Structures are given as structure tokens and as C-alpha cells.
Amino acid sequence: MAADEPNKVESQSPSERPPLPAADSMEERTKDVAEEKSIIPLTPPEVKPADDSKALATIEKTHEKAEEKEKDSEGSINRDAVLARVATEKRLSLIKAWEESEKSKAENRAHKKLSAIGSWENSNKAAVEAELKQIEEKLEKKKAEYIEKMKNKIALIHKSAEEKKADIEAKRGEEKIKAEEIAAKYRSTGTAPKKILGCF
């Protein structure tokens, strides 16, 4: 896996690659180039033109070796950059996981508290409604008692009124009988009553 990562970095475009530290890479490159130059054998000035083609071949090989060393040093720098980026991504993913965990915990705590409040509200409502029903039942019972008392009072009033009516009717009957007796007495004696009705 680690061997594949440098290849990925090399295949990336220059804009996608992480920036290289300028001072370190330039020093290493100049050292590598200086070493390569010291390795390149100097050709004596008495070289024939045929030998020039051989010299060009050795110079090309040394350039290839220099480029390979430069790539190796860039690969190690790129590998460090890739490892740093992987570590950063790992840290960020851990932070994101922690954040999601904390959000989930907060959500669960809030849900638990809300459900506790809901159950508290329902139980208190039920208790108040039960108390209200008891009060309503008491009121209904008192209402029935008061209605019964009022009906009894009405019955007593009616009874008293009937008794008074009966007394008045009895008195009226007695007065009629008395008036008839007196009228009969006056007829029998032939005298007129001393008191005549006030309207006459």
C-alpha cells in the first residue's frame, strides 16, 4: 500500500501535489547535482571526434542517473507529504466521528428529556382530570341533594298552601251556613237585619 502511494503522487498533476518545502528540496537537488558533476569524468581536450559520440553517451547516462536520484529524493519527500496528508485525513476523520458521536449523544439526551417531560405532563394531566371528575361528581351529588331539598321545600309550600286554601274554604262554608241560619231567623221573626251591606 505504501509503495503504491508514491506512484499516485507522481501521477498527480502539479496542482494536486502537496507543496514541497522550498529550502530542503533545493539544497538536496544542488547537492545531488554537485555530486553527479564530481562523478562525471572530465574528457581530455585531445579527444577525437569519434570519441565525442562516446562522451555524449556517458553524459546521457550520468544525466539519467542524476534524474533517477532526483526522483528518489522527490519520492521520499512526496512520501513524507503523502504520509502527512494521510495522518491529517485520519485525524480529520477521527474528529468527524467524534463530532457525530457527540451530536448523537446530545440528540439522545434531548430525546430522553423530552419524553420524560411528555410523560410527566401526561401523568399530571391525568391526575388533574381525575381530580376534576371527583369534583364534578361531588358537585353532581350536591346538586342532586339541593334539588331534592328544593323539591321538598316546594312540596311543603304546596302542602301549606293547600292547608290554607282548605281553611279558607272551610271558613267560607261556615260563614255561608251562618248567613243562611241568620237569614232564616230573620225570615221567621220577620225582622230585617240591622246591618246592611255597605254598598247599599
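Author: Begin with pLDDT, the predictor's confidence in each residue, on a scale from 0 to 100. The model shown is predicted: local features need a pLDDT of at least 70, side-chain atom pairs count only at pLDDT 80 or more, and totals for chains, interfaces and linings use all residues. Residues are numbered from 1 along each chain as its sequence is written, and side-chain values use heavy atoms, with hydrogens and water left out. The average pLDDT of the protein is 76, and 59% of the residues score at least 70.

Reader: Which stretches have a pLDDT below 50?

Author: Where pLDDT is low, the predicted coordinates should not be read in detail. One such stretch is residues 20-25, with pLDDT below 50; beyond near neighbours in sequence, the model gives this stretch five contacts, a contact being heavy atoms within 4.5 Å. Another is residues 47-57, where pLDDT stays under 50 and the model has two contacts beyond four places in sequence.

Reader: How many helices and strands does the protein have?

Author: Helices (H or I, at least four residues) and strands (E, at least two) are DSSP runs, numbered from the N terminus. Here there are three helices and zero strands, giving the pattern α-α-α along the sequence. Among these elements, helix α1 (residues 4-11) has the lowest mean pLDDT, 47, while helix α3 (residues 49-189) has the highest, 86.

Reader: What share of the residues is buried?

Author: Buried means under 20% relative accessible area, exposed means over 50%, and partly exposed lies in between (1.4 Å probe, protein chains only). Of the 200 residues in the protein, 8% are buried. Accessible areas come from the Shrake-Rupley method with a 1.4 Å probe, and for residues only the protein chains shown count as cover. The accessible surface of the protein is about 17,900 Å², and carbon and sulfur atoms account for 59% of that area.

Reader: Which residues form a nonpolar patch on the surface?

Author: Patches are made of residues with over 30% relative accessible area and no salt bridge; like charges are joined within 9 Å, and nonpolar side chains (Val, Leu, Ile, Met, Phe, Trp, Tyr) within 5 Å. In this model Leu114, Ile117 and Trp120 form such a nonpolar patch, together presenting about 380 Å² of accessible area. Ile117 is placed in helix α3.

Reader: How many salt bridges does the structure hold?

Author: Side chains of opposite charge can pair when their charged atoms come close. A salt bridge is a side-chain nitrogen of Lys or Arg within 4 Å of a carboxyl oxygen of Asp or Glu. The structure holds four. One of them joins Glu99 to Lys103, with the closest N and O atoms 3.3 Å apart. These two residues are four apart in helix α3, so about one helical turn separates Glu99 from Lys103. Glu99 has a relative accessible area of 34% and is partly exposed; Lys103, at 47%, also counts as partly exposed.

Reader: Where do Lys125 and Glu121 lie?

Author: Both are in helix α3, four residues apart, about one turn of the helix. Lys125 is partly exposed at 45% relative accessibility, as is Glu121 at 37%.

Reader: What distance is given for the salt bridge of Arg172 and Glu169?

Author: The N to O distance is 2.4 Å. Arg172 and Glu169 lie three residues apart in helix α3, about one turn of the helix. Arg172 counts as partly exposed at 44%, and Glu169 is partly exposed with a relative accessible area of 43%.
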